[in-house]
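Here is a short briefing for a first look at this structure. Keep the sequence and the 3D view side by side as you read.

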Amino acid sequence: MNFNIYSRMTKMKDFECEQIKKAVRILKHGGIVVFPTETVYGLGARLSDENAIKKIFAVKGRPFDNPLIVHISDKSQLRFLTKKVPAPAKQLMEKFWPGPLTLIFKRSSQVPSSVVNGLDTVAIRMPAHLVALQLLRSLKEPLAAPSANRSGRPSPTCYEDVQKELGTKVDLILNGGNSDLGLESTVLDVTCKPFRILRPGCITLEHLREVVPNVILNFSKSDNEISRSPGMKHRHYQPDCKVVLVRPEDFEKKVLRWKNKNVRLGVLSYSKKIPEQKNIVFKKYFHKNKNKYARNLYACFFEAEKTKVQVLLSETVDRKGVGTALLDRLNRASENGSR
Ligand code: TXA
Ligand code: MG
């Protein structure tokens, strides 16, 4: 997968430049702005603006114990935000920034405690999206930004889904089209030895091990993990319909089993052709392409809601490559948790 935006960078349109100037004005006056990234859309506030940070938590209905990611456009900003950058982490940044990799560092006192819920660490990433980078460069200051969804819901990956999610509750939404990757960044803790993945994403264990061979994958929900990656314990990625996971070997049987039930059925299929069936009102087939499944997963969740799907059958995938991240999101979307 190509994470290098410069290879597919087009010049920004005048309209986009104007919108970015407007976004900077709003942020400098205490507002909150949604901006596109290569993973999902983010809801940003200036790192130094405590009131705007509070607005983010309020608008999302986000628990305060779930810290935010700090977005930067230049590695020199790390000096003010972190205490220490381990040498292998520098190699990872060299290879994957800008890109969908968030690194957890020991934080400096410049990072407001409210952004990180009093932790002594901070999550930092440099997004690989021209609009996001231009916004950060023009602002000349980092943005604290979670995904632009109400807490517990799928992350929006296009302008229309952000509007549906947050609409009038934010001061501006920058339109950057469809997100290239569709799943949130990989979160890697570099404060421990060996480094460990707290949230899987499109930069996979295999990618990271090419640079740092002993990275481990560790994002279970045991009590220990909860304290290291606070966000993972909460309800996540759940659309307003029941997501039911279906293994490839059971696919035909399971779809058929819902045939005579009086529900509006949706089907997401990774490897199987979806049969014609009267009660299937929404369907999408990904032709064994995991990247395509990942890119479209949340958009499909929003589409299923629009189509008033009640049960969304979703085929599982193997763990290879982006499969680990995709399965993680599918599993969490299908947990009924607190609903
Ligand atoms: O792709 C992304 O990462 C998107 C875009 C907008 O950049 N952002 C995003 O943010 O997904 P959010 O807030 O939805 O998820 C941040 C994740 C949560 O699981 C949170 O617990 C974890 O990062 N996190 C943040 N700070 C942390 C810290 N200091 N230690 C451990 N985990 C942290
Ligand atoms: Mg999120």
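Rings of Phe, Tyr and Trp (its six-membered ring) pair if their centres lie within 6.5 Å; planes under 30 degrees apart count as stacked, over 60 as edge-to-face and the rest as tilted. By that rule, Tyr237, Tyr298 and Phe301 form one aromatic cluster.

This is a predicted model, in which local features need pLDDT of at least 70, side-chain atom pairs count only at pLDDT 80 or more, and totals for chains, interfaces and linings use all residues. Residues are numbered from 1 along each chain as its sequence is written, chains are lettered from A and ligands numbered from 1 in the order in which they are written, and side-chain values use heavy atoms, leaving out hydrogens and water.

Helices (H or I, at least four residues) and strands (E, at least two) are DSSP runs, numbered from the N terminus. Buried means under 20% relative accessible area, exposed over 50%, and partly exposed in between (1.4 Å probe, protein chains only).

**Aromatic pairs**

- The whole structure holds 5 aromatic pairs.
- Tyr237 and Tyr298 make a stacked pair, with 5.9 Å centre to centre and 25 degrees between the planes.
- Tyr237 lies in the loop between α9 (223-228) and β11 (242-246), and Tyr298 lies in helix α11 (residues 290-306), so this pair ties together parts that are 61 residues apart in sequence.
- Both Tyr237 and Tyr298 are buried.
- Tyr270 and Tyr293 are also stacked, at 6.3 Å centre to centre and 20 degrees between the planes.
- Tyr270 sits in the loop between β12 (265-269) and β13 (280-285), while Tyr293 is in helix α11, so the pair ties together parts that are 23 residues apart in sequence.
- Tyr270 and Tyr293 are buried.

**Helix α1**

- Helix α1 (residues 14-28) has 15 residues, which should span 21 Å at 1.5 Å a residue; its end C-alpha atoms are 21 Å apart, which agrees. The expected span is 1.5 Å times one less than the number of residues.
- Its buried residues are Glu16, Gln19, Ile20, Ala23, Val24, Ile26 and Leu27.
- They cover an arc of only 165 degrees around the axis, which puts them on the same side of α1. The arc is that of the directions from the helix axis to the C-beta atoms.
- An α-helix has 3.6 residues a turn, so residues three or four places apart point the same way.
- Asp14 and Arg25 are exposed, on the face of α1 turned away from its buried side.
- The cover over the buried residues of α1 includes β1 (33-35), β2 (42-46), α6 (130-139), β6 (143-144) and β7 (172-173). Contact here means heavy atoms within 4.5 Å.
- Gly30 follows α1 and has a positive phi, near 90 degrees.

- In helix α2 (residues 50-60), the buried residues are Ala52, Ile53, Ile56, Phe57, Val59 and Lys60.
- These pack against β2, α5 (113-116), β6 and α7 (159-166).
- After α2 comes Gly61, with a positive phi near 65 degrees.
- α6 is mostly covered, with 7 of its 10 residues buried.
- Those buried in α6 are Leu130, Val131, Ala132, Leu133, Leu135, Leu136 and Leu139.
- Their cover includes α1, β1, β2, β3 (69-71) and β6.
- Lys140 follows α6, and its phi is positive, near 60 degrees.

**Backbone exceptions**

- Most residues other than glycine have a negative phi, and most peptide bonds are trans.
- Trp97 and Pro98 are joined by a cis peptide bond, with omega about -10 degrees. Pro98 is in the loop between α4 (87-96) and β4 (101-106).
- Lys193 to Pro194 is also a cis peptide bond, with omega near -5 degrees. Pro194 belongs to the loop between β8 (186-189) and β9 (196-199).
- His287 has a positive phi, near 50 degrees. It lies in the loop between β13 and α11, and is exposed at 53% relative accessibility.
- Lys308 has a positive phi of about 60 degrees. Its place is the loop between α11 and β14 (311-315), and it is exposed at 60% relative accessibility.
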